[in-house]
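Student: I have a new structure to look at and would like to go through it with you. Could you start me off with one residue and its surroundings?

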Amino acid sequence: MHPMLNTAVKAARKAGSMILRAAEDIDQLTVKNKSANDFVSEVDLASEEIIIDTLKAAYPTHGFLGEESGFNDNNSEFIWIIDPLDGTTNFLHQFPQYCVSIALMHKGEITQAVIYDPNRNDLFTATKGRGAFLNDRRLRVSKKTKLKESIIGTGFPFRDFSHLPSYLKMFEEMVLSTSGIRRPGSAALDLAYVAAGWFDGFWEIGLSKWDIAAGALLVKEAGGIVSDFNEKQAWLKTGNILASNGKIYDDFIKIVQKHMSDELKHQ
Ligand code: IPD
Ligand code: CA
Ligand code: CA
């Protein structure tokens with residue numbers, strides 16, 4: 001394993017154990033509203049601190065983009081992109097679907113990825129050019145050739161409702177054209193599940209860099225396609241992301257494109 005990936009795995013496991021311990025005592029937590037339907041608990045903050053401390057101890061000159069602590073590039077060509085708890089709403093409801101997501105960006109390219117689900121002890125990792133893994137098993141995206149036989153993951157809009165009308169049209173056609181839609185509630189795990197072939201595809205509007213940086217590398221390294229809604233590579237910037245195996249990609253993205261508002265088209 002690449003030494004930088006190894007350090008990220010250590011950080012993710014440490015944060016994951018703390019999150020699981022905290023989950024046993026959820027009523028004790030202080031929870032704040034960042035904005036409507038956007039919660040942050042002391043667990044999110046503690047997890048980010050554990051991750052950044054662990055990474056900094058090994059790489060004191062690297063830069064960091066953390067959901068809770070913000071951006072400090074430290075003038076480095078290495079930037080760690082961190083979601084210390086993806087699926088906070090699930091966590092606060094004791095719905096066991098959440099994870100830690102850590103990606104390393106080197107000169108603008110994502111080169112290392114870790115997504116750790118502490119409930120299942122599922123460790124997803126990828127290094128650019130070296131494949132994607134779940135624990136020690138190599139991952140490949142699914143082989144489904146028909147959208148009609150595919151399961152698609154997604155995220156519903158829940159705090160910014162400006163794209164809800166377009167989303168609902170996409171959703172309706174997706175319901176009618178696939179074998180089922182799932183909304184587990186952690187975008188990072190959703191992408192990991194595309195990499196594992198458990199989802200045939202995934203799409204969501206307006207995600208943040210820390211939700212998708214690691215998951216996108218997993219999908220690509222598992223042989224899948226990741227794009228924005230214009231079939232370009234601006235997903236990290238726009239947060240509009242679609243990921244799938246190569247076989248259903250054209251039919252899948254057609255539905256998303258058909259219902260894009262002008263605003264989405266020009267993002
Ligand atoms: C959220 C989850 C969710 C997605 C949201 C994200 P958070 O992350 O990934 O699945 O639908 O858009 O913000 O806030 O729990 O880290
Ligand atoms: Ca997130
Ligand atoms: Ca988060």
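**A residue and its contacts**

Tutor: Leaving aside its neighbours within four places in sequence, A15 is in contact with S47, I50, I51 and V100, where contact means heavy atoms within 4.5 Å. Please keep in mind that this is a predicted model, in which local features need pLDDT of at least 70 and side-chain atom pairs count only at pLDDT 80 or more, while totals for chains, interfaces and linings use all residues. Residues are numbered from 1 along each chain as its sequence is written, chains are lettered from A and ligands numbered from 1 in the order in which they are written, and side-chain values use heavy atoms, with hydrogens and water left out.

Student: Ok, and where is the place of A15?

Tutor: A15 is part of helix α1, which covers residues 3-23; helices (H or I, at least four residues) and strands (E, at least two) are DSSP runs, numbered from the N terminus.

Student: Is A15 buried or exposed?

Tutor: A15 is buried, with a relative accessible area of 0%. Buried means under 20% relative accessible area, exposed over 50%, and partly exposed in between, with a 1.4 Å probe and protein chains only.

Student: How far apart are A15 and P118 in space?

Tutor: Going from C-alpha to C-alpha, A15 and P118 are 9.0 Å apart, and in sequence they are 103 residues apart.

Student: Which polar backbone atoms lie by an oxygen atom of ligand 1, and at what distance?

Tutor: A polar backbone atom of T88 is 2.8 Å from an oxygen atom of ligand 1, a polar backbone atom of G185 is 3.1 Å from an oxygen atom of ligand 1, and a backbone N or O atom of L85 lies 3.2 Å from an oxygen atom of the ligand. A polar contact is a pair of N or O atoms within 3.5 Å; within protein, one must be able to donate a hydrogen and the other to accept it, and residues adjacent in sequence count only if both atoms are side-chain atoms.

Student: And what are the protein donors of the calcium ion that is ligand 2?

Tutor: They are D83 (OD), D86 (OD) and D211 (OD), lying 2.1 to 2.2 Å from the calcium ion (ligand 2). Donors are N, O and S atoms within 2.8 Å of the metal (3.2 Å for Na, K and Ca), and water is not among the atoms, so sites may look incomplete.

Student: Why does the pair D86 and D211 tie together parts of the chain?

Tutor: D86 lies in strand β5 and D211 in helix α6 (residues 209-221), so the pair ties together parts that are 125 residues apart in sequence. Both D86 and D211 are buried.

Student: What about the calcium ion that is ligand 3, which protein donors does it have?

Tutor: E67 (OE), D83 (OD) and L85 (O) are its protein donors, at 2.2 to 2.4 Å, and along the chain they follow the spacing E-x15-D-x1-L. D83 bridges the calcium ion (ligand 3) and the calcium ion (ligand 2), which lie 3.7 Å apart, and both D83 and L85 are buried.

Student: New topic: what is the phi of N75?

Tutor: N75 has a positive phi of about 60 degrees although it is not a glycine. Most residues other than glycine have a negative phi. N75 is found in the loop between β4 (70-72) and β5, and at 76% relative accessibility it counts as exposed.

Student: And where is N121, and what phi does it have?

Tutor: N121 sits in the loop between β7 (109-117) and β8 (122-127), with a positive phi of about 55 degrees although it is not a glycine. N121 is partly exposed, with a relative accessible area of 40%.
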